[in-house]
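Q: I am new to this structure and would like to learn how to read it. Please show it and take me through its features one by one.

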Amino acid sequence: MKLIIATIKPFKLEEVREALTSVGVRGMMVSEIKGFGSQSGHTEIYRGAEYAVNFVPKVKLEIVVQDSMADQVVSTIASTAKTEKIGDGKVFVLDVESALRVRTGETNDDAL
């Protein structure tokens, strides 16, 4: 099993969710986060005063899938979340040692 962690722009969330559902993803965890990378934040003007925004709002997706689905999920996220502008996000893929569905006691692939 693989854990796919993706950070994307918030306005892309629904489009990415729909695309992932269409390729067979049955669940995901979503968190609102703030961060910076190459983008390094930006400046905004509020009531006439300019101030620095060092952390940019993002959405973090956490998805656990079978090994065979990982590449397709990563490419779906990448193609759907892409705006070709700085700050489109990142995708990380990690190995998952085990999984357990609390309600039924099912483990590993059956728990997904």
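Q: How many helices and strands are in the protein chain?
A: Helices (H or I, at least four residues) and strands (E, at least two) are DSSP runs, numbered from the N terminus. The protein chain has 2 helices and 6 strands, and along the sequence they follow the pattern β-α-β-β-β-β-α-β. The radius of gyration is 17 Å, well over the 13 Å from the globule rule for 112 residues, so the chain is more spread out than a compact globule. That radius is taken over C-alpha atoms, and the globule rule is 2.2 Å times the number of residues to the power 0.38. The C-alpha trace spans about 55 × 25 × 20 Å along its principal axes.

Q: What should I know about the model before reading on?
A: This is a predicted model, in which local features need pLDDT of at least 70 and side-chain atom pairs count only at pLDDT 80 or more, while totals for chains, interfaces and linings use all residues. Residues are numbered from 1 along each chain as its sequence is written, and side-chain values use heavy atoms, with hydrogens and water left out.

Q: What share of the residues of the protein chain count as buried?
A: Buried means under 20% relative accessible area, exposed over 50%, and partly exposed in between (1.4 Å probe, protein chains only). Of the 112 residues, 30% count as buried.

Q: Which residues have the most contacts inside the largest nonpolar core?
A: In soluble globular proteins, nonpolar side chains tend to be buried together. A nonpolar core is a set of buried Ala, Val, Leu, Ile, Met, Phe, Trp, Tyr and Cys residues joined through side-chain atoms within 4.5 Å. The largest one here has 15 residues, and Ile63, Val65, Val73 and Ile77 have the most contacts inside it. Two or more of its residues come from each of S1, H1, strand S5 (56-65) and helix H2 (70-81).

Q: Which residues is Val65 in contact with, leaving aside its neighbours within four places in sequence?
A: Contact means heavy atoms within 4.5 Å. Val65 is in contact with Met1, Lys2, Ile4, Val25, Ala70, Val73 and Leu112. For the protein chain, residues 24 or more positions apart account for 72% of the contacts with a separation of 6 or more.

Q: Is Thr7 buried or exposed?
A: Thr7 is buried, with a relative accessible area of 17%. This residue lies in strand S1 (residues 2-8). Not counting residues up to four places away in sequence, Thr7 touches Ile33, Val59, Lys60, Asp88, Gly89 and Lys90.

Q: How should I read distance along the chain against distance in space?
A: Compare two pairs. Gly27 and Glu62 are 35 residues apart in sequence and 9.1 Å apart in space, C-alpha to C-alpha. Gly27 is in the loop between helix H1 (13-22) and strand S2 (29-35). Ala49 and Ala6 are 43 residues apart along the chain, and their C-alpha atoms are separated by 34 Å. Ala49 is in strand S4 (residues 49-53) and is partly exposed, with a relative accessible area of 42%.

Q: What is the phi of Glu84, and where does this residue lie?
A: Glu84 has a positive phi of about 65° although it is not a glycine. Glu84 lies in the loop between H2 and strand S6 (90-95) and counts as exposed, at 69% relative accessibility. Asn108, in the segment after S6, also has a positive phi, near 50°. At 32% relative accessibility, Asn108 counts as partly exposed.
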